[in-house]
Amino acid sequence: MKFRPLLIAAALTAAAPAFAEEVTVYSARIEALIKPLFDAFTKETGVQVRFVTGQEGPLMERLKAEGANTPADMLLTVDAGNLWQAEQQGLLKPVKSAVLDANVPAHLRDPGGYWYGMSIRARTIFYNTKKVKPSDLSSYEDLASPKWKNRLCLRTAKKVYNQSLVGTMIVRLGEQKTESIVRGWVNNLAADPFSDDESMLKAIGAGLCDVGIANTYYYGRVMQRDPKLPIGIFWANQQSSGTHVNISGVGVTRYAKNEKGALRLMEWLSSEKAQNLYADQNMEFPVNPKVKPDARVAAWGDFKHDYVNVAKAGELQATAVKLMDRAGYR
Amino acid sequence: MDLPIETASRSLPLAAKVKRRWLDERLLAWLISLITLLPLAVVVASLLKPQGEVWSHLGEFVLPQLLANTFWLVLGVGVGSLLLGVSLAWLTAVYDFPWRKHLAWALALPLAMPGYVLAFVQIGLYDYAGPLQGLLREYMEDTRWMPSIRSRWGVILTLTLALYPYVYLLARNAFLTQGRRALEVAASLGLSRRQGFWRVALPMARPWIIGGLTLALMECLADFGTVATFNYDTFTTAIYKAWFALFNLNAASQLASLLVFAVLVLVLLEQKVRGDRRYTSAGRAGAARPERLPGWRGWAAVAYCLLVLGIAFLVPMVQLLRWAASVAAEQLDLRYFGFVGRSLLLAAGSAVGVVVLALVLAYAVRRRHDLSSRLAARLATLGYAVPGTVLAVGIFLPISWLENGLINSIKALGLGQPTQILQGTLVVMLLAFAARFLAVAYEPTQAAMERITQSQEEAAASMGLGRRAVLRRIHLPLLRGGLLTAALMVFVDVMKEMPITLMTRPFGWDTLSVRVFEMTSEGQWEIAALPSVAIVLAGLIPVILLARETEKQS
């Protein structure tokens, strides 16, 4: 008798998908950024999207623990490092799609089709406009030079954005060279590393430090709130490798119950009509080259990307973390 | 004069009378402790798979600094919350001064403020780019000479302000229940109130104070959000680094296991030192009549209370309210009824459930008073010393095994094609909260148990009352204050809890703390202020209720 409610519950869960097609998403991107998209998708296609948000690490553990019985069809997360890990741990399934191949440039997706970037976030140099001329700036590497002694601010090395940046530097420059640059950064610090990009940018604005590295959308937010702050944006490494870019992206889960629906949602997200909705919410750049960024974002100017495949950053993440530990970058 | 009385034997005559049943207290205690032991076992099992490479890296470059940082943090927060908690509790319990009654409950309010929120507010207010230093710079060249809040003393201060209420609430409970006679006898022997404090009240309050301190330090050791906001690296930093940066959950679990063992050893040592002393109330129940603090001394007491309350709660609250007001127009919508409702429901449900479990546990320890039950109780309360996210995985794994087993057998029997059974329910969440917060309910409950005298139980038993009747008619009324404190603390902690809520909530079960996570994960602290304020306001309800109850009692 005790099992009756259980069975009823089981029967109900089993019956639910029969009513309407549904895609279930585990998302490390927050609700405010994804819900408007899913609502638009449902309106257009009639396919319901059910989602739960959380931190990347626990979401992946959850997928792993649920195994073949997971309700999730799609994983949405930020940073290629996390997507690369999800693929390595066997949580994703490769998909082939001409639409995705056309909409997502090659350096912003997994070569094997396990995951696809959906928006671009650029990590570049910011400076105090009262104290620094743009002509003084050139590259991430240059921030290690002694002329920036006591003038540099950084976010903590514990954030994956910095780990990915250093990862791509290892690809370009090798471990030894990169380590000496990171040591140079640490020597130049004007204050302890900050726990988030926004506080770091505000410290530049207040004059505690003259230069720093941050993601562009944080800059957008800070300036939107206080447009008078003397902070300028500088596209790093334009004479050399290009500015470091990363993605937020999606992949179909290995045990997806509705793989077709998930693929359809992915294709839709990369389409011209969805890309602005996806990227503009957070002042990021669309991945789809046919789509123009938001006016606020476009105002920062065009820049050359670092075309190293973002998957590389994931591969080298652990190496980068250890390198930064050795260099004393906290 | 050492009031805690040493006794040779505590075996209750009552126990002998009752026939042994298969479900005796000891077994019950072990069953309850399973809720925590299963997830802990998952965490500790990681020790079976050595992760040499990660360890040698952490050992060489990371751990030495972290261990030193952790040591100073624990020491600072321990001393700080003892000083604040005990002094405030003593002041509001035995002295009378203006606004005492209101200050007494208001001083518990910082409990409702999540540590990581307080951290962000403090940094936002006092750091170089903040309004205070900005104002100073209008009058002087630079403020770089000022000590940075983002430093060791800043973290210690912030965590102390966030955690002292545990010590405060429990110590106050002790001072209010130690019995009228204790201090009166001390006074008749020529001790002043201050001497009475050191020689009578403090030794008699030991289980409470240690209980509060244990909670504060466990939370301090398991904390990640607050220290991360300060970028102050502690032992938990290494745990999260191993997991999130080096993608080695196994090494992370190993580090967490060490943390748990360290806490277990400390707790058992303390019990050993405490030995068989007893802490029953002296004379009739209730507190000694508060002594009026005349003139400036009364106002000094008010100033002290207000200072702590101001830094820990009022100023941060004003800042939060300002932020919340600035985003309320676009953020506050009808969905907030849902967030608040679900938070309250979960918090209230867990508070009741966890307190009942803690009561059974404390009762079992009292009745059996053997090593086995005590160990069961101590193990059951270790969930609080594990970083939340690690425990969340520990909880999720056994549930998933069970879930997958159920689903697969239902499929094999041809009864349907379910995808979720347990995981779609609140049962999982409530069990997980029990594993996390048993300590929070257990400490005040077992401390309150100490006040009940053996003769009270014996008298009840001699009148022919059974075990359950004794528990209901003797223990429950006498434990009232302790149980209410326990329920309040669990309630507020569940409202603030993040990692377990995130991982185990059913679809659509977003709560206030999920809202806070959503905003803070993107660094949008201004927007996060809105759900944070809601958490604090909802936490106010039980704090005020508790305050009224304790006043009634005394």
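**Figure 1. Right-handed crossing of α3(B) and α7(B) in the predicted model.** The contact between α3(B) and α7(B) comprises 21 nonpolar, six polar and two charged residues. Helix α3 of chain B covers residues 52–94 and helix α7 of chain B covers residues 152–177; their axes come within 6 Å and cross at roughly 40°. Angles from 0 to 180 degrees that are under 35 degrees count as roughly parallel and those of 65 to 115 as roughly perpendicular, and α3(B) and α7(B) are therefore oblique to each other.

**Figure 2. The contact between chain A and chain B.** On the side of chain A, 49 residues are in contact with 45 residues of chain B. The elements of chain A that each give two or more residues to this side are α1 (4–15), α2 (31–45), β2 (48–53), α3 (56–66), α8 (197–206) and α14 (317–326). Of these, α1(A) provides the largest share, seven residues. Sorted by class, the side of chain A that touches chain B holds 20 nonpolar, 13 polar and 16 charged residues.

**Figure 3. Overall fold of chain B.** Chain B contains 23 helices and two strands. Its C-alpha trace spans about 75 × 60 × 50 Å along the principal axes. The radius of gyration of chain B is 24 Å, which agrees with the value near 24 Å for a compact globule with 554 residues. Of the 554 residues in chain B, 52% are buried. Among contacts between residues at least 6 apart in sequence, 85% join residues at least 24 apart.

**Figure 4. Helix α22 of chain B, a mostly covered element.** This helix runs over residues 512–520, and nine of its nine residues are buried. The buried residues of α22(B) include the charged residues R515(B) and E518(B). Also buried in α22(B) are L512(B), S513(B), V514(B), V516(B), F517(B), M519(B) and T520(B).

**Figure 5. Positive phi at N150(A).** Phi of N150(A), a residue other than glycine, is near 60°. N150(A) is placed in the loop between β5 (116–128) and β6 (152–153) of chain A. A residue with 12 or fewer other C-beta atoms within 10 Å counts as exposed; N150(A) has 12 and is therefore exposed.

**Figure 6. Positive phi at F247(B).** Although F247(B) is not a glycine, its phi is positive, at about 50°. The loop between α12 (235–245) and α13 (249–274) of chain B holds F247(B). Because 20 or more other C-beta atoms within 10 Å make a residue buried, F247(B), with 22 C-beta neighbours inside 10 Å, counts as buried.

Definitions and conventions. Residues numbered from 1 in each chain as written. Chains lettered and ligands numbered in written order. Predicted model: local features only at pLDDT ≥ 70, side-chain atom pairs only at ≥ 80, totals over all residues. Helix = DSSP H or I, 4+ residues; strand = E, 2+ residues; numbered from the N terminus. Parallel < 35°, antiparallel > 145°, perpendicular 65-115°, else oblique. Left-handed = near helix turned anticlockwise from the far one by under 90°. Contact = placed C-beta atoms within 7 Å. Rg over C-alpha atoms; globule rule 2.2 N^0.38 Å.
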